[in-house]
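Here is a quick note to read alongside the model. Keep the 3D view open and follow the points in order.

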Amino acid sequence: MIFWKEAWLRRVDDAEETVRVEQQDALSILESRLKTRAQGDVFICQSSRLERATEHIPPVDRVMVSVTEIRNGNRKVFEVLGMFVRTAFWKMRGKLLGTHPKGTLGKTPTEAVNLQPGDWVEVKSYEEIYTTLDARGRNRGMKFDLDMRFFCGERHRVSRRLDRMIREDTGEMLHPQNTVLLDGVNCQCIFATGGCPRAEAFYWREIWLKRVGDLPGQTDHDRS
């Protein structure tokens, strides 16, 4: 998701074609001016500068955002109440049992399945995935998040392979191996009071998935 400051935008009526032409000219100018790399393999993008460009929202303000969404008709009262109850439950559970599963391995295994976009896979059971994690809940450095458990046993289609990504906290270019993204499978934001609109994609090690035959239609739960 790309974030847009209102200062970068202007309201228009029915001038889509004109805006499209102006946008191309503006992009050409920006490409020649904007810095995208700090040094070596350290890159600059919105994600790597998100911490600097934002400030943390106090819990009271998060509640008020939800109240505003109710007033605007974007959410219903019971929907918001259910969201707060769910967040409170998972936060309490996280304090008691930890925020993500933790395995017992020292060195974790890997598996190359060579999954490609369009392939159908089934997410392995939590018990199977648990056996691939170390004491920090990671497989080869990649964490298996708590809300990824919700998708265990489900069948989904591979969206794309993840062969490179920019690490948000450092801007460093990373090259993950044997990792894919699944269609419509995004973060559930179970610990975020008031929810989160980013809907970031989960990263799946191939060892957590098993290939299944081609299936018609969409995923078990249409999350796209």
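1. Some ground rules for the strands come before anything else. Two strands pair if DSSP finds at least two bridges between them. Helices (H or I, at least four residues) and strands (E, at least two) are DSSP runs, numbered from the N terminus. With that in hand, β6 and β9 pair in the antiparallel sense over three bridges, and Val158 stands opposite Leu182 in β9.

2. A word on what you are looking at: this is a predicted model, in which local features need pLDDT of at least 70 and side-chain atom pairs count only at pLDDT 80 or more, while totals for chains, interfaces and linings use all residues. Residues are numbered from 1 along each chain as its sequence is written, and side-chain values use heavy atoms, with hydrogens and water left out.

3. Now the whole sheet. It is open and has five strands in the order β10-β9-β6-β3-β11, with antiparallel pairing. β10 (204-205) and β11 (209-212) each have a single partner strand and stand at the edges, so one side of each has no neighbour in the sheet.

4. Which residues touch the most other members of the largest nonpolar core? They are Val123, Phe144, Val180, Leu182, Trp204, Trp208 and Leu209, out of 20 residues in that core. The elements giving two or more residues to the core are β3 (120-123), α5 (126-130) and β9 (179-182). For the record, a nonpolar core is a set of buried Ala, Val, Leu, Ile, Met, Phe, Trp, Tyr and Cys residues joined through side-chain atoms within 4.5 Å. Buried means under 20% relative accessible area, exposed over 50%, and partly exposed in between (1.4 Å probe, protein chains only). In soluble globular proteins, nonpolar side chains tend to be buried together.

5. Contact here means heavy atoms within 4.5 Å.

6. Next, the charged pairs. The structure holds eleven salt bridges, a salt bridge being a side-chain nitrogen of Lys or Arg within 4 Å of a carboxyl oxygen of Asp or Glu. One of them joins Lys124 and Glu111, with the closest N and O atoms 4.0 Å apart. This pair links distant parts of the chain: Lys124 is in the loop between β3 and α5, and Glu111 is in the loop between α4 (77-97) and β3, 13 residues apart. Lys124 is buried at 15% relative accessible area, whereas Glu111 is partly exposed at 33%. Salt bridges that share partners also join Glu69, Arg75 and Glu79 into one network. Within it, the side chains of Arg75 and Glu69 meet at 2.6 Å, N to O.

7. What about a buried charge without such a partner? Asp147, in the loop between β5 (142-143) and β6 (155-161), is buried yet has no salt bridge. The nearest side chain of opposite charge, Arg86, is 7.5 Å away (Lys and Arg count as positive and Asp and Glu as negative; His and the chain ends are not counted). Beyond four places in sequence, Asp147 is in contact with Cys187, Gln188, Cys189, Ile190 and Phe202.

8. Two backbone angles deserve a look. Most residues other than glycine have a negative phi. Arg140, in the loop between β4 (138-139) and β5, has a positive phi near 55° and is partly exposed at 44% relative accessibility. Asn178, in the loop between β8 and β9, has a positive phi near 50°, but Asn178 is buried at 19%.

9. Last, a helix. α3 (residues 59-72) has 14 residues and reaches 20 Å from its first C-alpha to its last, close to the 20 Å expected at 1.5 Å a residue. That expected span is 1.5 Å times one less than the number of residues. Just after α3, Gly73 takes a positive phi of about 85°.
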